[in-house]
Amino acid sequence: MEILATAGSPADSFAGVFPLPLPGQKNMAAPAFLAVEVRQGANVLFAGGVDEQRETVSGKGCFLTIGARSKGALLLDNEALPQLYQNPRLSDLFRNHMAPYGFDRVVVRAAGVSANPALSFYSVSKGLCEWEAVAGFCRRATGQKLYVVGNSILLGRPTGNDVARHLVANDGTAGALPYTLLERQRQRSGVISSVMIRHPIGLYLSQYKNPFCGGLDIRRKRYIIPSTEYAEEAASRNLDAALRVKESMAGFESWRVHIPGIVPIRVHDTVTLLTPLVSAADYVVRGVRHMIGQGGAVTRLMLGDGRYFS
């Protein structure tokens, strides 16, 4: 069994293989399942709808395979109505593209951002899913990202009561989570050093320089064409460039940590590492993979630098 959650997707995923017949059943054929919920005591590790069900008979026996995704998958699977908004606010986009799928509120967590951001106009193009329609609006209006937390949509990285803090160490510190593997990776090939921005007259007249990569000796530029929604104001033109630069820095240094057992750690939680390689705080969980197999249970984390997550 495997449960995967990442910061880059609004939908968590589940994959499990179970021997047939199932407990309490005599018939090898399994019924058509609609939903999956995985609990550890009172803690819900996963809940979502079934995408795929497969029953297999082979020399190894009879098995049922289930694939499922969490509620956020509805925002990825449904296409948004193409339309042009005049003076839209975030509340308008949420009401039309997310509330119909059972999400009950949108909350602004990003510092310095209006509680209900607006644009003069915004176009939802043909072929965008509901998630892309609202995420694109937020990116253009605020330079921030959207996240799904339960039935809520958050603008800006979850903080405060939305996250938990964890300590990872093998030195016997009280309350610390022990690890069986720790790995740091530095990936220079994805870091952007500068972004050239096209002006309404058709020339690339502005440059946004990466303020984080000093001393890395990286030269990698990109060219962008700001959307018409915000191409007229210089400050707004930099929003997309700044976000692209931060996204490139998010992949520069990452950590893989393996912790024995199923540990209730969530994406966006913060982690302090006390290890021979580093003793530092404010690493953000970018991905969580819970795995249960013949070798036992393990929680695998992907951590990133909290400075680069909006």
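Is R69 buried, exposed or partly exposed? R69 is partly exposed, because its relative accessible area is 23%; the class "partly exposed" covers the range between buried, under 20% relative accessible area, and exposed, over 50%, with a 1.4 Å probe and protein chains only.

Before I continue, a word on the basis of these values. This is a predicted model, in which local features need pLDDT of at least 70, side-chain atom pairs count only at pLDDT 80 or more, and totals for chains, interfaces and linings use all residues. Residues are numbered from 1 along each chain as its sequence is written, and side-chain values use heavy atoms, with hydrogens and water left out.

I begin with the salt bridges. The term denotes a side-chain nitrogen of Lys or Arg within 4 Å of a carboxyl oxygen of Asp or Glu. Searching the whole structure gives 14 salt bridges. One of them joins the side chains of R69 and D51, with an N to O distance of 2.4 Å. R69 belongs to strand β5 (residues 61–70) and D51 to strand β4 (residues 43–58), so this pair ties together parts that are 18 residues apart in sequence. Strands here are DSSP runs of E with at least two residues, helices are runs of H or I with at least four residues, and both are numbered from the N terminus. R69 also forms a salt bridge with D77, where the closest N and O atoms are 2.5 Å apart.

E247 is partly exposed at 30% relative accessibility, and K145 is partly exposed at 31%. The two residues belong to a network of salt bridges that links R139, K145, D240, R244 and E247.

I turn next to strand pairing. Two strands are said to pair if DSSP finds at least two bridges between them. Strand β10 (residues 152–155) is covered on both faces, with S152 and L154 buried on one side and I153 and L155 buried on the other. Which strands pair with β10? Strand β7 (residues 105–108) pairs with β10 in the parallel sense over four bridges, and V106 has I153 as its bridge partner there. Strand β9 (residues 146–149) pairs with β10 in the antiparallel sense, also over four bridges, and V149 stands opposite S152. β9 and β10 form a hairpin with two residues between them, and G150 in the turn has a positive phi of about 65°.

Strand β17 (residues 270–274) likewise has a parallel and an antiparallel pairing. With strand β11 (residues 165–169), β17 pairs in the parallel sense over five bridges, and the partner of H166 is V271. With strand β18 (residues 279–293), β17 pairs in the antiparallel sense over four bridges, and V271 has Y283 as its bridge partner in β18. A hairpin is formed by β17 and β18, with four residues between them.

The next residue is R220, in the loop between β14 (204–209) and β15 (221–224). R220 is partly exposed, with a relative accessible area of 23%. What is R220 in contact with, leaving aside its neighbours within four places in sequence? R220 is in contact (heavy atoms within 4.5 Å) with R188, S189, G190, V191, I192, S193 and S194. The C-alpha atoms of R220 and S194 are separated by 6.7 Å, although the residues are 26 apart along the chain. The side chain of R220 reaches the backbone oxygen of R188 at 3.0 Å, and a polar atom of this side chain lies 2.6 Å from the backbone oxygen of V191.

I close with the surface. I201, L203 and L205 form a nonpolar patch with about 320 Å² of accessible area together. Such patches are made of residues with over 30% relative accessible area and no salt bridge, with nonpolar side chains (Val, Leu, Ile, Met, Phe, Trp, Tyr) joined within 5 Å and like charges within 9 Å; areas come from the Shrake-Rupley method with a 1.4 Å probe, and for residues only the protein chains shown count as cover.

Methods:
Polar contact = N/O pair within 3.5 Å; in protein donor to acceptor, adjacent residues only side chain to side chain.
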